[in-house]
Each structure stands twice: as structure tokens, then as C-alpha cells.
Amino acid sequence: MTLLNVVVLSGTLDLRTMIVRALCRQNCRPHLAILTVLLFGLFSNSGFCQTYGTATNTITVKVQAITMIKINTSILNLNISGSNAIAGQDQMMTTDQTSTFSWGINSSLKKVTVTTSLAAPKYTLQLAAINPTVGTAASQVTLSTTANDLLTNLGRSSGSCSLLYTAIALASQGTGTDSHTITFTVATQ
Amino acid sequence: MKWILKNKTLDIVIATVLMGMIVSERVCSQQASSTQVVTLRVMELNTIDLIGGPLTLQINSVNDNAGQPNPAIDASTKLLWTSNGDARKIAVGSDLASPRFILKIAAEKSGSGTGIAQPEVTLSDNSPHDLILGVQRSAGSCSLRFTALATSEEGTGSESRLITYTITGG
């Protein structure tokens with residue numbers, strides 16, 4: 001449409017020029033020639049603006065339920081060594097808060113639960129969500145194969161929190177290694 | 001007839017779309033999950049500590065019957081330990097190879113934890129001596145009883161010792 005208008009307008013100018021030249025050749029007054037051109041211009045502009053056709057397009061945007069969770073590090077090693085022991089105390093512990101848990105949820109009210117794959121751990125491993133940007137952090141959880149709430153009141157939000165792991169071992173439990181696969185799950189609250 | 005066929009086709013299309021929506025909704029709203037592997041490793045650790053500052057034993061009285069100086073005794077120091085290893089022992093040693101006065105030490109086990117107190121040790125040289133045996137995966141404590149002895153012939157004087165306690169394999 002724009003291209004067509006340009007062509008029409010350029011054609012109009014050519015016609016105007018021709019009329020001015022013709023009037024001038026016939027010794028008409030210049031202001032009469034200009035007035036004629038202006039009137040012609042108005043008339044011609046209204047005459048050339050036409051609608052040649054219309055089209056519509058219906059666009060439907062559908063946003064489906066999306067639930068995304070992510071942990072910044074997939075492997076975490078916790079060590080309890082001599083520096084974690086106090087002479088005379090049976091219990092030794094270490095903590096780690098380097099992991100970050102993030103989520104994006106656009107559906108109804110959700111919560112995050114946590115489980116471990118290790119059915120009979122030798123040592124105690126606890127987990128807590130620290131400073132969630134959205135939602136409510138549950139109290140510290142001792143990890144087991146039963147799902148425990150880590151975060152609640154997550155609805156239509158994106159956010160993150162730190163994961164605080166606390167490992168506890170007793171001297172009476174001796175040395176050893178526990179390997180956990182921790183599963184974080186978004187569930188309906 | 002044509003209209004009916006057209007209507008049936010429309011129904012099938014609508015039904016297919018609806019089913020597709022339901023299925024896709026279920027897929028998308030499935031519970032999301034993520035995993036993290038956490039390995040907890042507990043190393044062997046042995047710690048030992050003392051409660052009680054520098055100790056001074058003063059021999060300043062005489063046994064009326066024997067005419068010899070009375071021993072100076074102190075049991076205010078406490079020894080603490082934690083070990084998650086098996087069959088450990090605690091040894092004690094002095095830095096003086098040839099001390100002038102006699103210094104004895106005994107573990108008076110009254111606290112918790114494993115370990116068997118050994119008979120009183122005389123720190124007559126700078127070699128280590130067993131103080132507690134059978135420390136096994138536990139935290140424990142005991143009081144340390146020091147006894148300083150001197151004879152009249154040894155006269156007066158002062159002697160400082162650095163006592164070292166060590167957990168070792170038993």
C-alpha cells in the first residue's frame with residue numbers, strides 16, 4: 001500500500017507540474033496557477049486513497065503448566081575430618097552451603113519435597129532451605145527415603161534458595177562413607 | 001448426508017484436539033524432580049585435649065614420722081579425647097631425659113567412653129608410657145593425678161617439664 005501511494009503521489013506531482021506549465025504558457029497569473037494546483041492536490045489525494053482488501057489473523061497463545069527445578073551442582077562431597085572433632089565429644093559434624101536450588105513454577109500452589117536413595121545411612125545427613133526468595137522454608141530435614149517437605153507455598157513463581165547440608169557422625173560409628181542420591185521433587189501442596 | 005459427514009469429521013477433530021490438550025497438560029504438569037549426589041566421608045580422626053592450665057606442684061611439708069618431704073599431689077587436670085578409630089591408646093611422655101625430682105602420673109578414669117587406665121606411671125625419662133589402653137570409637141575423659149616426690153637429700157630446687165599426651169595405634 002505504501003509503495004502504491006508513492007507511485008500515485010509522484011504521478012500527481014507530474015500532473016501538477018504540467019498544469020502549472022500550461023497556465024504559465026497562457027500568461028495566467030501565478031497565484032491563480034498555484035491555487036488551482038492546491039485544489040487539485042486536495043481533490044486528487046482524497047480520490048486516490050482506497051482500501052483494496054483486509055485480512056485478519058487470530059493468534060492464540062497457550063501457556064502450559066511448566067515446572068522446572070535446578071541445582072547448581074550435581075555432585076557434592078562432605079568430609080568429616082579431625083578439624084570437625086572436639087576432644088571429649090562423641091558427635092562430629094560438618095556443614096556445606098555451596099549448593100543453590102532454583103525453580104520456576106507457573107501452576108497452582110506447589111511444594112518441594114526431598115528424599116535420599118540411601119535406605120540405611122550410617123551417618124546423619126540433614127538438609128535445610130536457607131533464605132528462599134519466594135515461599136516458606138520448612139524446618140531442617142533429616143534425610144530419609146520418605147519424602148519430607150523442604151519448601152512450601154510455592155505458587156506461580158520463580159526463585160532460589162541455598163541448600164544447607166549438615167552431616168553428623170559419632171565417634172562410635174567409626175570411619176566410612178555414605179553415598180546419597182538426593183531427589184528434589186515438586187509436588188502439589 | 002454430506003452435512004452429517006462433515007459434522008462427524010468436525011466431532012472427531014474436536015475430540016482429537018481435546019484429547020491432545022489433556023495429554024499435553026498431563027505431560028507438562030508432571031511432577032518435576034532433580035537429583036544431587038551427596039557423598040559423606042568420615043575420615044579417621046583422633047583428638048586429645050587438656051582442661052587445666054600450667055600446673056605447679058609444691059613440696060613444702062615434711063612427714064613427721066619419716067622425716068622426708070611429703071609428696072605434692074594434684075588432680076585438677078582433666079584429659080579429654082575423641083577417636084573414631086579402633087584399638088587406640090593414649091601415651092604420656094616427658095621432655096626431660098634425666099629429671100632431678102620424681103614425677104608420677106595416673107589416669108583416674110571416671111568419665112565416659114572406652115579406655116582402661118593403666119597403673120601409675122613414673123616419668124623418669126623422656127620415653128612414652130602407656131596411660132590408657134583400649135580406646136575404641138568413643139569420646140572419653142579422665143582426671144590426671146600428678147604426684148611429685150623429693151627426698152631430703154635432693155635439697156631444694158625447681159624443675160619444669162613439658163608433658164605430652166598422644167593417641168596412637170594400640
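In chain A, 74% of the contacts with a separation of 6 or more join residues 24 or more positions apart. Two residues count as in contact if their C-beta atoms, placed from the backbone, lie within 7 Å. This is a predicted model: local features need pLDDT of at least 70, side-chain atom pairs count only at pLDDT 80 or more, and totals for chains, interfaces and linings use all residues. Residues are numbered from 1 along each chain as its sequence is written, while chains are lettered from A and ligands numbered from 1 in the order in which they are written.

Chain A has two helices and 10 strands. Helices (H or I, at least four residues) and strands (E, at least two) are DSSP runs, numbered from the N terminus. Along the sequence the pattern is α-α-β-β-β-β-β-β-β-β-β-β. Of the 189 residues in chain A, 21% are buried. Buried here means that 20 or more other C-beta atoms lie within 10 Å of the residue's own, with C-beta atoms placed from the backbone; exposed means 12 or fewer, and partly exposed lies in between.

Now turn to the interface. Here 48 residues of chain A are in contact with 31 residues of chain B. On the chain A side, the elements giving two or more residues are strand 1 (67-71), strand 2 (75-80), strand 3 (91-105), strand 9 (157-170) and strand 10 (176-188). Strand 10 of chain A gives the most, with 12 residues. This side of chain A divides into 23 nonpolar, 22 polar and three charged residues. Ala, Val, Leu, Ile, Met, Phe, Trp, Tyr, Cys and Pro count as nonpolar, Asp, Glu, Lys and Arg as charged, and the others, Gly among them, as polar.

Strands also pair across the two chains. Two strands pair if DSSP finds at least two bridges between them. Strands of a sheet pair through backbone hydrogen bonds, either parallel or antiparallel. Strand 1 of chain B (residues 33-42) pairs with strand 2 of chain A in the parallel sense, over six bridges. There, Ile80(A) stands opposite Val42(B). Strand 1 of chain B also pairs with strand 10 of chain A, in the antiparallel sense, over 10 bridges. Thr181(A) has Val37(B) as its bridge partner.

Chain B has an open sheet of five strands, in the order 2-3-9-5-7, with antiparallel pairing. Its edge strands, strand 2 (46-51) and strand 7 (121-122), each pair on one side only. Strand 2 of chain B runs antiparallel to strand 3 (residues 72-83) of chain B, and six bridges join them. Asn46(B) has Ser83(B), in strand 3, as its bridge partner.
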